[in-house]
Amino acid sequence: MSANTKSFKVPFWAQILAGLVLGVLLGWIARSQDLSWLVTTLEKIGGTFIGLLKLAVAPLVFFAILVSITNLRKVNNAARLAGRTLLWFMITSLIAVAIGLAIGLVTNPGAGTGLTPKDGAEPEHTGSWIDFLTGIVPTDVITPFTELNVLQIVFMAAVAGIAALQLGDKAQPILSLSESVLELLQKALWWVIRLAPLGTVGLIGNAIATYGWDLIGKYATFTADVYIGCALVLFGVYPALLATVAKANPVQFFKGAWPAIQLAFVSRSSVGTMPLTQKVTERLGVPKEYASFAVPFGATTKMDGCAAIYPSIAAIFVAQIFDIQLSVGDYLLIAFVSVVGSAATAGLTGATVMLTLTLSTLGLPMEGVGLLLAIDPILDMMRTATNVAGQVVNPLIVASRENILDRDKYNSVSTAPLDADEPRAVAAAA
């Protein structure tokens, strides 16, 4: 009996679901009973969880990108793999933005909301192409880490990784240290990830207690558009690509990738989910050497939810609120921004920078961002889940087409929980 009791373990997805239900319940109680202490408690719990995730973001991104670039030397046809990865990032982004535009044009999300331009306020921080291009190169090596400028951190890490490749054996001591530091960061972040059920209670509860259902009512069409668009990509486009292009069973994909997708939904951070994303990608049969490049690269640049679906629908929403007609050329610009500018989102919670970049490119008022900030946390959950799913799907497609996907691993993967200490054992047992 003791052996059976010892072997019983509540699945991680069930813990997350329980946290979600409890969070909704506590949030509703806090709002309906006007319990300020409970609202504060939920806010502190959720904020602490996100704070712990963000704490590791800067060093994690730097060392993950550096190591991922140098790991390409262990892979045959590294340049070809990198090129194919980027190509599929662009293809899936185009599909996602097309879906977002189609949904926005059909549903008219800005119509009948009761919102006016006066309801919007210009954001403190905006994005433009000049800011984007000039902001890539840092002025010093410290500020990007203290201000959490992920794009500049990626730039420095890429330069360091390419330099290490050029140095060859002379750079081995640095590479060994970097790999050790990366493993240390991933181990620490895994402990944070295990707190996700508790973080879920705080984040969801605070969202309900703060915004309630009235706010969602005003943005009902817009919220539904974003969720439907993300769902079509997550449960339609990705499975279709896996079945037709990768010749892989989509059901197996969801079995293996679900832990990362559900954590992304709760944490709203692609970078924070990155260690788990890489684990599920590897257990689905993608070689570790390639996954260690594709996943960190995707976590900082591959954003189908935040950088494709959301800004395309949001641009239509803002244009309708301000009574501005968009042309075919504007829709093409939205697609261009989604493919080229997605790195601006940088894998952090929220997609405000990407939205301001899109609006400034189209010449739409920045006050439109202010209209959407209140609803952003609710939207960001589904957007980030879609982001992370895409970050797993793309390496699977490339690995399959390059004949380096371990089909036995993929076809035998199960929903067994991932063990932070024994990822290979889990994959083998699956």
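Which helices are among what covers the buried residues of α15? In this predicted model, the cover includes α4 (57-71), α5 (78-107), α8 (150-167), α14 (270-283) and α20 (376-401).

## The chain as a whole

The protein chain has 22 helices and zero strands. Of its 430 residues, 55% are buried, and the accessible surface of the chain comes to about 18,400 Å², with 64% of that area belonging to carbon and sulfur atoms.

## Helix α15 and its surroundings

Helix α15 is made of 14 residues, 288-301, and it reaches 20 Å from its first C-alpha to its last, which is close to the 20 Å expected at 1.5 Å a residue. Eleven of these 14 residues are buried, so the helix is largely enclosed by the rest of the structure. The buried residues are Y290, A291, S292, F293, A294, V295, P296, G298, A299, T300 and T301.

## Aromatic rings

The model contains nine aromatic pairs. In one of them, the ring centres of F62 and F63 lie 5.2 Å apart with the planes at 90 degrees, so this pair is edge-to-face. Both F62 and F63 are buried. Another pair joins F222 and Y310, whose ring centres are 6.1 Å apart and whose planes stand at 70 degrees, so this pair too is edge-to-face. It links distant parts of the chain, since F222 belongs to helix α12 (residues 220-244) and Y310 to helix α16 (residues 304-321), 88 residues apart. F222 and Y310 are both buried.

Elsewhere, F235, F253, F254 and W258 form one aromatic cluster.

## The nonpolar cores

Which residues have the most contacts inside the largest nonpolar core? They are F222, F253, L372 and L396, in a core of 115 residues. Helix α20 provides the largest share of this core, with twelve residues. Leaving aside residues up to four places away in sequence, F253 touches L242, W258, I261, L284, A389, V392, V393, L396 and Y410. There is also a second, separate core of six residues, among them M303, A307, V337 and M354.

| Residue | Relative accessible area | Class |
|---|---|---|
| T200 | 0% | buried |
| F155 | 30% | partly exposed |
| D323 | 63% | exposed |
| N403 | 69% | exposed |

T200 is found in helix α10 (residues 196-211). Not counting residues up to four places away in sequence, T200 touches I16, G19, L20, G205 and V266.

F155 has its place in helix α8, and, with residues up to four places away in sequence again left out, F155 touches I136, V137 and P138. The C-alpha atoms of F155 and V137 are separated by 6.9 Å, although these residues are 18 residues apart along the chain.

The remaining two residues of the table lie in loops. D323 is found in the loop between α16 and α17 (328-340), and D323 has a positive phi of about 55 degrees although it is not a glycine. N403 lies in the loop between α20 and α21 (407-412), and its positive phi is about 60 degrees, although N403 is not a glycine.

Technical notes:
Residues numbered from 1 in each chain as written. Predicted model: local features only at pLDDT ≥ 70, side-chain atom pairs only at ≥ 80, totals over all residues. Heavy atoms only, no water. Helix = DSSP H or I, 4+ residues; strand = E, 2+ residues; numbered from the N terminus. Buried < 20%, exposed > 50% of the residue type's maximum accessible area, 1.4 Å probe, protein only. Areas by Shrake-Rupley, 256 points an atom, 1.4 Å probe, with all protein chains shown as cover. Expected span 1.5 Å × (residues − 1). Contact = heavy atoms within 4.5 Å. Phe/Tyr/Trp six-rings, centres within 6.5 Å; stacked < 30°, edge-to-face > 60°. Core = buried A, V, L, I, M, F, W, Y, C linked by side-chain atoms within 4.5 Å.
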